[in-house]
Amino acid sequence: MYGFHLLVYVLCVRGVGDTQCGFKLFTRSAAATLFTSMHINRWAFDVEVLYIAQQLGMPVDEVAVNWKEIEGSKLVPVWSWLQMGRDILFIRLRYTFGIWRIGSNKPKQQ
């Protein structure tokens with residue numbers, strides 16, 4: 001996972017120690033802004049939501065939580081790592097080149 005964390009740091013999110021671990025809490029307005037812009041719906045969705053938040057200048061803070069790990073993860077080590085790496089690269093490239101835009105998935109007003 002050190003390689004994944006380095007890839008996340010270099011391409012997408014800085015200032016967050018572990019993008020995949022823990023809970024994500026949002027205000028209602030932040031959630032509406034962030035989640036209507038998202039494209040990734042797999043393991044790397046955390047990275048995209050944090051990337052969008054940082055691009056919008058939203059404050060992000062890490063708070064420690066205690067939890068108990070439950071066996072039976074759905075993560076398939078090599079395959080999941082390849083998917084996450086691909087998704088991290090897509091996040092950076094597609095936003096950089098304007099293929100994805102923040103706010104582009106917002107539902108149309110009626």
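Q: What should I know about the model and the numbering?
A: It is a predicted model, where local features need pLDDT of at least 70 and side-chain atom pairs count only at pLDDT 80 or more, while totals for chains, interfaces and linings use all residues. Residues are numbered from 1 along each chain as its sequence is written, and side-chain values use heavy atoms, with hydrogens and water left out.

Q: OK, how many helices and strands?
A: The chain has 4 helices and 0 strands, and along the sequence that reads α-α-α-α. Helices here are DSSP runs (H or I, at least four residues), strands are runs of E with at least two, and numbering starts at the N terminus.

Q: What share of the contacts is between residues 24 or more positions apart?
A: Taking contacts with a separation of 6 or more, 72% are between residues 24 or more positions apart. A contact means heavy atoms within 4.5 Å.

Q: Switching to charges, how many salt bridges are there?
A: The structure holds 3, counting a side-chain nitrogen of Lys or Arg within 4 Å of a carboxyl oxygen of Asp or Glu. One of them is Lys24 with Asp46, where the closest N and O atoms are 3.0 Å apart. That pair links distant parts of the chain, with Lys24 in the loop between helix 1 and helix 2 (28–35) and Asp46 in helix 3, 22 residues apart.

Q: Is Asp46 buried or exposed?
A: Asp46 is buried at 6% relative accessible area, while Lys24 is partly exposed at 26%.

Q: What does Arg42 pair with?
A: Arg42 meets Asp87 in a salt bridge, 2.7 Å from N to O. Arg42 lies in the loop between helix 2 and helix 3 and Asp87 in helix 4, so this pair ties together parts that are 45 residues apart in sequence. Asp87 also has a salt bridge with Arg86, at 3.5 Å. Shared partners join Arg42, Arg86 and Asp87 into one network.

Q: How accessible are those three?
A: Asp87 is buried, at 1% relative accessibility. Arg42 is partly exposed at 32%, and Arg86 is partly exposed at 36%.

Q: Now aromatics. How many pairs does a search find?
A: It finds 3 aromatic pairs in the whole structure. Phe26 and Phe35 make an edge-to-face pair, 5.1 Å centre to centre with 80 degrees between the planes. The rings of Tyr95 and Trp100 are edge-to-face too, with centres 5.6 Å apart and planes at 75 degrees. Rings of Phe, Tyr and Trp (its six-membered ring) pair if their centres lie within 6.5 Å; planes under 30 degrees apart are stacked, over 60 edge-to-face, and the rest tilted.

Q: Which aromatics form a cluster?
A: Tyr51, Tyr95 and Trp100 form one aromatic cluster. Tyr95 is buried at 10% relative accessible area, and Trp100 is buried at 11%.

Q: Last topic: which residues form the nonpolar patch on the surface?
A: Met1, Val76, Val78, Trp79, Trp81 and Leu82, with about 660 Å² of accessible area together. Patch residues have over 30% relative accessible area and no salt bridge; like charges are joined within 9 Å, and nonpolar side chains (Val, Leu, Ile, Met, Phe, Trp, Tyr) within 5 Å. Met1 sits in the segment before helix 1 (2–11) and is partly exposed at 45%.

Q: And what does Leu75 touch?
A: Leaving out residues up to four places away in sequence, Leu75 touches Trp43, Ser80, Trp81 and Met84. Leu75 is in the loop between helix 3 (45–55) and helix 4 (77–96).

Definitions and conventions:
Accessible areas come from the Shrake-Rupley method with a 1.4 Å probe; for residues, only the protein chains shown count as cover. Buried means under 20% relative accessible area, exposed over 50%, partly exposed in between (1.4 Å probe, protein chains only).
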